[in-house]
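Let's read a structure together, feature by feature. Have the coordinates open and follow along.

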Amino acid sequence: MEKVMEDCTIIIQGKLEKESYDFYIKKYDNCKVLISTWVGTNIDFSNLPKNFKVILAPLPPESGDQNLNYQITSTLNALDMVTTKYVIKVRGDEFWSYPENIYQSIKSEPNKLWSSSVFFRAWQYSEYHISDHIMAGTTENLLTLFNAAKHNFNNNRLNVSKWKVDGNFHKYVKTHAPEERLTKSYLEAKDPDRFEKVDGRFLMKEHFDILNIDLLKPYKVKANLFKKEWKDDFIPERNFSISTIDQLFSDEPYKLPNK
């Protein structure tokens, strides 16, 4: 990994699995890395490289739907220690290769937040649903997102979403997907005068972009809610997700059959 990433920190947050930990300490040997996990983890950190630091915190008393508050807390614990201009946040139970390719995407559009295509949902399937399997951008923007999300979680805000059936609005429901609450929190914080007043797809295209995960192989992706795992073979369009930000404006990803 080139020293060009000296102004970027990688945050590995949440529950840490040994396979992921072993992968990261082998592959991420030349960049700043913060592991933000929980007291009581069974990982042996005695072989921790010098470029790694570990943050061990107690679990918050409230997890939130799909562990949203765990994600917010562990990420903020790390962001508070970041001194670099850019950040790449990944999960402790997954792994990705070639973070320098993520870094190059950030540098190409530094005003945007970049995420993976893993469950970056088609608009017809779920509105305001980025992916939180990778989140990358300036440290300032990541702090804006997670501080806003923490405020809204604590105050039970932005927790209503549209339930769609076959791409059509069915009824309003309580938001269970962390990704929707993260997306809305960020857009409201960054663009309060236009949020929920203009077509949300335009705001999402303006403030987010999607990484090409084919450039990040080998990888391991987990969907704990669905008890599924992918290694190098996640196809967004077969999982109600999109590969490019412009697909937010298309019905086709939603209609692509699962095989």
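Q: Which element gives the most to the lining of the largest pocket?
A: β7, with four residues. Before going on, note that this is a predicted model, where local features need pLDDT of at least 70, side-chain atom pairs count only at pLDDT 80 or more, and totals for chains, interfaces and linings use all residues. Residues are numbered from 1 along each chain as its sequence is written, and side-chain values use heavy atoms, with hydrogens and water left out.

Q: How do I read a pocket, and what lines the largest pocket?
A: On a 1 Å grid over the protein atoms alone, a pocket is an open set of points with protein on both sides within 12 Å along at least five of seven lines, while a cavity is a set where a 1.4 Å probe fits but cannot get out; lining residues have an atom within 4 Å of a point. Here 38 residues line the largest pocket, and Gln-66, Ala-177, Pro-178, Glu-179 and Leu-225 lie nearest its centre. Its volume is about 1100 Å³, volume being the space filled by probe spheres set on the points, which are joined across faces, edges and corners.

Q: Which elements each supply at least two residues of that lining?
A: Elements are DSSP runs numbered from the N terminus: helices (H or I, at least four residues) and strands (E, at least two). In this case they are α2 (68-79), β7 (160-165), β8 (168-174), α5 (178-190) and β10 (220-223).

Q: How do the residues of this lining divide by class?
A: Ala, Val, Leu, Ile, Met, Phe, Trp, Tyr, Cys and Pro count as nonpolar, Asp, Glu, Lys and Arg as charged, and the others, Gly among them, as polar. The largest pocket has 12 nonpolar, 13 polar and 13 charged residues in its lining.

Q: At what angle do α4 and α5 pack?
A: Axes are lines fitted to C-alpha atoms, for helices over the stretch in contact, and angles run from 0 to 180 degrees between N-to-C directions. Helix α4 (residues 139-154) meets α5 at about 110 degrees, with the axes 8 Å apart. That makes α4 roughly perpendicular to α5; the classes are roughly parallel under 35 degrees, roughly antiparallel over 145, roughly perpendicular from 65 to 115, and oblique for the rest. Contact means heavy atoms within 4.5 Å, and residues making the contact include Phe-146 and Phe-153 of α4 and Leu-182 and Tyr-186 of α5. By class, this contact has eight nonpolar, four polar and three charged residues.

Q: What lines the largest cavity?
A: The search of the whole structure finds one cavity of 30 Å³ or more, and the largest cavity holds about 40 Å³ of space. Its lining is Leu-68, Ala-149, Asn-152, Phe-153, Arg-157, Leu-158, Arg-181, Leu-182 and Ser-185. Both α4 and α5 supply at least two residues each.

Q: How do α2 and α5 cross?
A: Their axes come within 10 Å and cross at roughly 50 degrees, so α2 and α5 are oblique to each other. Leu-68, Gln-71 and Ile-72 in α2 meet Pro-178, Arg-181 and Leu-182 in α5.

Q: Which residues of α5 meet α6?
A: Thr-183, Tyr-186, Leu-187 and Lys-190 do, meeting Leu-203, Met-204 and His-207 in α6. The axes of α5 and helix α6 (residues 200-207) come within 11 Å and cross at roughly 80 degrees, which makes α5 roughly perpendicular to α6.
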